[in-house]
Every structure is written in C-alpha cells, then in structure tokens.
Amino acid sequence: MQALVTGGAGFIGSHLVDALLARGDTVRVFDDLSTGRRENVHAESELVEGSVVDEDAVRRAVAGCEVVFHQSALGAVARSVADPRTSDRVNVHGTLTVLTLARDAGVRRVVFASSSSVYGGAAVVPTPETVPTRPRSPYAVSKLAGEWYTRVFAELYDVETVALRYFNVFGPRQRPDSTYAAVIPLFTAALLADERPTVHGDGTQSRDFTYVSDVVAANLLAAGGPPETSSEVFNVAPGAGSSLLDLLAGLGRVIGVEPDPVFVEPRAGDIHTSCADASKARTQLGWAPEVTFEDGLARYVDWLRSG
Ligand SMILES: NC(=O)c1ccc[n+]([C@@H]2O[C@H](COP(=O)([O-])OP(=O)(O)OC[C@H]3O[C@@H](n4cnc5c(N)ncnc54)[C@H](O)[C@@H]3O)[C@@H](O)[C@H]2O)c1
C-alpha cells in the first residue's frame with residue numbers, strides 16, 4: 001500500500017513510518033521540519049517538504065496514496081496558549097486542507113491524530129469516548145475541530161476517516177531539549193544528569209502514559225479497520241493512569257537512583273487525573289497495549305543514554 005504520513009519527521013510519525021516500511025508498504029513523509037527532524041526521516045521513505053497549510057504541497061503529498069496518517073500538528077498546550085492563531089492555522093486549517101485534498105485524490109482512509117486534551121479533565125475516570133468534551137486550551141479546541149472535520153468528511157464524502165485520541169505518548173526520539181518537552185523526557189534527563197526533577201504540584205496528578213509502539217499499532221489497525229469504524233473516534237491508552245510520583249519511582253528503579261524532586265507551584269490549568277477507557281478500541285479495532293509502563297521507561301532510558 002502507498003501511505004502518506006504527515007508529521008513523519010516527528011516523534012510518533014517517524015515510528016509509524018518505520019512500522020509501515022517494515023511491513024512492506026511504500027511510504028511518503030510530508031513534513032515542514034518545524035518540530036520534526038530530518039534525521040528521523042527513514043532513508044527508504046520519500047520526503048516531501050512542505051506545510052499542511054500549503055495546498056500545492058499537500059496535493060503533491062497525497063497523490064496516489066491509499067491511506068493518509070495525519071500526524072502533523074503543532075503540539076503542546078502551552079504553545080497554543082501563547083499563540084492560539086498559529087495552532088489553529090496548522091491544526092485546524094491544515095487538517096481541513098489534508099482532508100479535502102485527500103478526498104479529491106481518492107484516498108481510501110484518513111487516520112487523524114487527536115488528543116485526550118479534548119476531555120479537559122472529565123468527571124468520569126476511566127474516561128470513555130462518550131463523555132462530553134470540554135477543551136480547556138486552544139490546542140484542545142483545534143484537536144476537537146479536527147475530529148469533527150474528519151467525522152463530517154466521512155459522512156458527506158467518499159472518504160473514510162478515523163480519529164484516535166492519544167493520551168501521553170512516550171518513547172525514543174522524544175526529546176528533553178525541545179521548548180515544550182514532555183514530562184518523561186524532562187524527568188529522565190534530570191535523573192541521568194544527577195539533577196533534581198521539578199514537579200509542579202504535589203505529584204499525585206496522573207497521566208495515562210502510552211508507549212509509542214502501541215500508538216503505532218493502533219494506527220495500523222485503524223487504517224485497516226472495517227467500514228463501520230469509519231467516522232468513529234477511539235481512545236488509545238492502556239487505561240492505567242500513573243501519577244508523577246509513580247513515574248519518578250519507576251524511572252528511579254530503571255536508572256538506579258533515588259529521585260529527590262523539587263516541588264513547585266501547580267501549573268495553571270493542569271488536569272489532575274487522566275485515564276482512558278479504551279474498551280472501544282479493544283472491541284472494534286482489536287487493539288491492546290503490549291508494552292508495560294516500566295518496560296517502556298527502560299527502553300526510553302536506554303535511548304536517551306545512548307544519544
Ligand atoms: N506526543 C503526545 O503525547 C501526543 C498526545 C496527543 C496527541 N498527539 C498528537 O500526535 C501527533 C504527533 O505528535 P508528536 O508528539 O509526534 O509531535 P512532533 O512535534 O514530534 O511531530 C509533529 C510533526 O509535525 C510536523 N509539523 C508541524 N507543523 C507542520 C506543518 N505546518 N506542516 C507540516 N508538518 C508540520 C513537525 O515538524 C513534526 O515533525 C500530533 O498531531 C499531536 O498533536 C501527541
């Protein structure tokens with residue numbers, strides 16, 4: 001199959017490219033290399049450089065593709081709070097552009113990377129897809145808009161779509177030195193450097209950490225899912241919900257240190273508990289997470305140590 005991975009130079013997208021190539025697909029990467037890196041782009045994939053808001057570039061990228069994995073976006077809640085219009089342009093207008101030109105090119109199915117942020121701290125935990133959404137940042141609004149566009153496209157036009165709500169994804173190629181680095185890279189880098197990790201709040205806030213290969217597996221299943229999965233949205237996370245203190249303890253065991261965090265004020269707008277009910281993905285896509293939290297942490301630590 002000819003596949004397109006937008007954001008294929010980024011963290012999750014590049015792992016997806018590797019998996020598609022490994023199973024024999026032909027892969028095109030579309031990326032503007034704004035947060036992604038050229039060194040992440042697999043040598044056997046074709047790189048089309050450009051922005052998702054550039055119609056001509058997107059048209060070139062989708063041509064001849066059967067499936068589009070739309071992973072590109074400007075991530076990070078804080079970035080969207082600082083500059084909501086740029087997040088909107090890339091994440092909403094960019095998604096609409098990809099969907100429109102994918103439809104025009106006769107793409108069979110588009111798989112869209114959405115986010116647990118659309119829940120905005122749901123009252124029901126573990127949280128199923130049926131819980132009302134309550135975005136609390138421009139980023140979350142942009143992901144919810146992308147979801148609705150993917151759904152409406154499947155209902156109105158001859159293109160299938162699936163949206164996957166990722167929770168906190170982690171794994172190799174996730175960098176601690178980027179402007180909006182995630183918590184696992186930051187904690188790991190601090191512990192490896194013999195520094196005290198900074199915890200906002202008391203560390204009891206929890207996240208549903210998901211190893212990147214499990215997210216890749218969900219994408220492959222979503223791309224090949226039966227027609228009735230089209231226009232649907234699926235949570236993708238183990239449903240385990242680990243606190244930041246659990247995370248530090250796990251990293252401490254893997255690295256062989258006793259973490260001694262510095263506790264600072266909670267971050268405004270931080271959600272306390274995030275945990276998925278992923279039974280819909282299990283029953284309708286046949287997805288199940290395979291990498292345990294501690295195995296995932298060990299693989300991440302190995303990667304960061306070797307870099
Ligand atoms: N990492 C997570 O925990 C997480 C959680 C929920 C959802 N997501 C979503 O998953 C997807 C992948 O995230 P990631 O963590 O791999 O982030 P990433 O920043 O590593 O990857 C995003 C990629 O998109 C590219 N990109 C950004 N703007 C672009 C534009 N205008 N045109 C073309 N390419 C552009 C970047 O260069 C980068 O390669 C994103 O849609 C993100 O919102 C990630």
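## Sheet, helices and salt bridges

V5 has F69 in strand 4 as its bridge partner. The model is predicted, so local features need pLDDT of at least 70 and side-chain atom pairs count only at pLDDT 80 or more, while totals for chains, interfaces and linings use all residues. Residues are numbered from 1 along each chain as its sequence is written, and side-chain values use heavy atoms, with hydrogens and water left out.

Strand 1 (residues 2–6) and strand 4 run parallel and are joined by 4 bridges. Strands here are DSSP runs of E with at least two residues, helices are runs of H or I with at least four residues, and both are numbered from the N terminus. Two strands pair if DSSP finds at least two bridges between them. Strand 4 is also joined by 4 bridges to strand 5 (residues 109–115), again in parallel, and the partner of V67 in strand 5 is R109. From strand 4 (residues 67–70), V67 and F69 point one way and V68 and H70 the other way; all are buried (under 20% relative accessible area; exposed is over 50%, partly exposed in between, with a 1.4 Å probe and protein chains only). In a regular strand the side chains alternate between the two faces of the sheet.

The open sheet has 7 strands in the order 3-2-1-4-5-6-11, with parallel pairing. Strand 3 (46–49) and strand 11 (232–236) stand at the edges with a single partner strand each, so one side of each has no neighbour in the sheet. From one strand to the next the twist averages 20 degrees. Strand 2 (residues 26–31) is joined to strand 3 by 4 bridges, and F30 stands opposite V48 there.

Helix 1 (residues 11–22) lies across strand 1, strand 2, strand 4 and strand 6 (160–166), at about 170 degrees to strand 1. Helix 7 (residues 212–223) packs on the sheet and touches strand 4, strand 5, strand 6 and strand 11, its direction making about 160 degrees with that of strand 6. Axes are lines fitted to C-alpha atoms, for helices over the stretch in contact, and angles run from 0 to 180 degrees between N-to-C directions.

V159 is in the loop between helix 5 and strand 6 and is buried, with a relative accessible area of 5%. Leaving aside neighbours within four places in sequence, V159 is in contact (heavy atoms within 4.5 Å) with R103, V107, R108, V110, F153 and A154.

The structure holds 16 salt bridges, each a side-chain nitrogen of Lys or Arg within 4 Å of a carboxyl oxygen of Asp or Glu. The table gives some of them.

| Pair | N to O distance |
|---|---|
| D18 and R173 | 2.9 Å |
| E55 and R59 | 3.2 Å |
| R103 and D104 | 2.8 Å |

D18 in helix 1 and R173 in the loop between strand 7 (168–170) and helix 6 (183–192) are 155 residues apart. D18 is partly exposed at 23% relative accessibility, and R173 is partly exposed at 25%. E55 and R59 are 4 residues apart in helix 2 (residues 55–62), about one helical turn.

On the surface, W148, V152, L156 and Y157 form a nonpolar patch with about 400 Å² of accessible area together. L156 lies in helix 5 (residues 138–156) and is exposed, with a relative accessible area of 58%. Patches are made of residues with over 30% relative accessible area and no salt bridge, with like charges joined within 9 Å and nonpolar side chains (Val, Leu, Ile, Met, Phe, Trp, Tyr) within 5 Å. Accessible areas come from the Shrake-Rupley method with a 1.4 Å probe, and for residues only the protein chains shown count as cover.
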